[in-house]
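This briefing walks through a single structure, topic by topic. Please keep the sequence and the coordinates at hand while reading.

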Amino acid sequence: MQIETKRLIFRKWKLSDVDDLVDCLNDFELVKNMTMPFPYTKNDAIEFLAKRQQDDKNTYYFAVTTKSGELVGGTSLSLNKDGEFRGGIYVHRKFRGQGYGQEIFIARAKFAFDYLKLNEIRNGFFEFNEKSKNMQQKMGYKIVGKTKNYSPSLNSEVVEIITKLKKEDFDKYYKTLDFEFKLTT
Ligand SMILES: CC(C)(COP(=O)(O)OP(=O)(O)OC[C@H]1O[C@@H](n2cnc3c(N)ncnc32)[C@H](O)[C@@H]1OP(=O)(O)O)[C@@H](O)C(=O)NCCC(=O)NCCS
């Protein structure tokens, strides 16, 4: 399965992505907002990429690249034990602040609503993550609660703000955009 947007390609992770993945994730400013360890090692990446070769129809992890194949980041949606699709999104430091995060977030929502046929998506952000908060609010996500999560890189519990995006709110936002989205199965 592949998704193509104006500037990006979303594809399955390959074992050969290992060095690019380490380069992307071995970044404290990135992982402090997520649940990966820091430092992020080659072994962490090998373990992750090996799992990705076993993914099934409830587990979607995408490597996101430029059209020329450079790794921009990653995103995922996978069904958890509570029956909800959850996942994350991250952008390599070199590509941040250029609208790529927004492009990935929008494509991910479109995939969730059009392909997975979800009625709403649950997301979240650690309470200090202003960027993610702004990005989600712009798209129509609403804050619905908070919980505690453990951040391995900070070695502490952090407050996670829980957000939800309803299909109808996303559809309103999407109509205002000139967005390219092509899904090939
Ligand atoms: C969060 C993240 C994905 C955003 O990606 P990005 O490519 O840098 O973001 P974009 O350039 O698309 O910006 C999108 C929006 O984010 C917000 N934003 C971006 N930079 C910001 C900043 N420095 N401060 C506050 N908000 C900011 C704005 O709403 C921006 O919209 P704008 O066009 O009106 O400025 C990226 O910073 C990242 O990978 N962070 C580390 C991992 C992470 O936090 N993941 C999300 C966990 S919930």
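Which residue takes a positive phi in the hairpin of β3 and β4? Gly 69 does, with phi near 100°, in a hairpin that has 4 residues between the strands. The model is a predicted one, in which local features need pLDDT of at least 70 and side-chain atom pairs count only at pLDDT 80 or more, while totals for chains, interfaces and linings use all residues. Residues are numbered from 1 along each chain as its sequence is written. Helices (H or I, at least four residues) and strands (E, at least two) are DSSP runs numbered from the N terminus, and two strands are said to pair if DSSP finds at least two bridges between them.

**Pairings of β4**

- Strand β3 (residues 59-66) and strand β4 (residues 71-79) run antiparallel and are joined by 7 bridges, with Tyr 61 standing opposite Ser 76 in β4.
- β4 is also joined to β6 by 3 bridges, again in an antiparallel arrangement, and here Gly 73 stands opposite Val 91 in β6.
- With strand β5 (residues 85-86), β4 pairs in the antiparallel sense over 2 bridges, and Leu 79 stands opposite Phe 85 in β5.
- The hairpin formed by β4 and β5 has 5 residues between the strands, and Gly 83 in its turn has a positive phi of about 80°.

- β7 is joined by 7 bridges to strand β9 (residues 156-166), the two running antiparallel, and Asn 123 has Thr 163 in β9 as its bridge partner.

**Surroundings of the ligand**

- Of the 22 residues around the ligand, those that come nearest are Asn 33, Arg 96, Gly 101, Gln 102 and Asn 134, where a residue counts as near if its C-beta atom, placed from the backbone, lies within 6 Å.
- The elements giving two or more residues to this shell are β6 (89-91), α4 (100-115) and α5 (130-139), and the largest share, 6 residues, comes from α5.
- By class, the shell has 8 nonpolar, 10 polar and 4 charged residues, with Ala, Val, Leu, Ile, Met, Phe, Trp, Tyr, Cys and Pro counted as nonpolar, Asp, Glu, Lys and Arg as charged, and the others, Gly among them, as polar.

**Backbone features in loops**

- The peptide bond from Phe 38 to Pro 39 is cis, with omega near 0°, and Pro 39 lies in the loop between α2 (28-31) and α3 (42-52).
- Lys 117, in the loop between α4 and β7, has a positive phi near 60° although it is a residue other than glycine; Lys 117 is exposed, with 8 other C-beta atoms within 10 Å.
- Asn 155, in the loop between β8 and β9, likewise has a positive phi, near 50°, and is exposed, with 9 other C-beta atoms within 10 Å.
- On the scale used for these two residues, 20 or more other C-beta atoms within 10 Å make a residue buried, 12 or fewer make it exposed, and values in between make it partly exposed, with C-beta atoms placed from the backbone.
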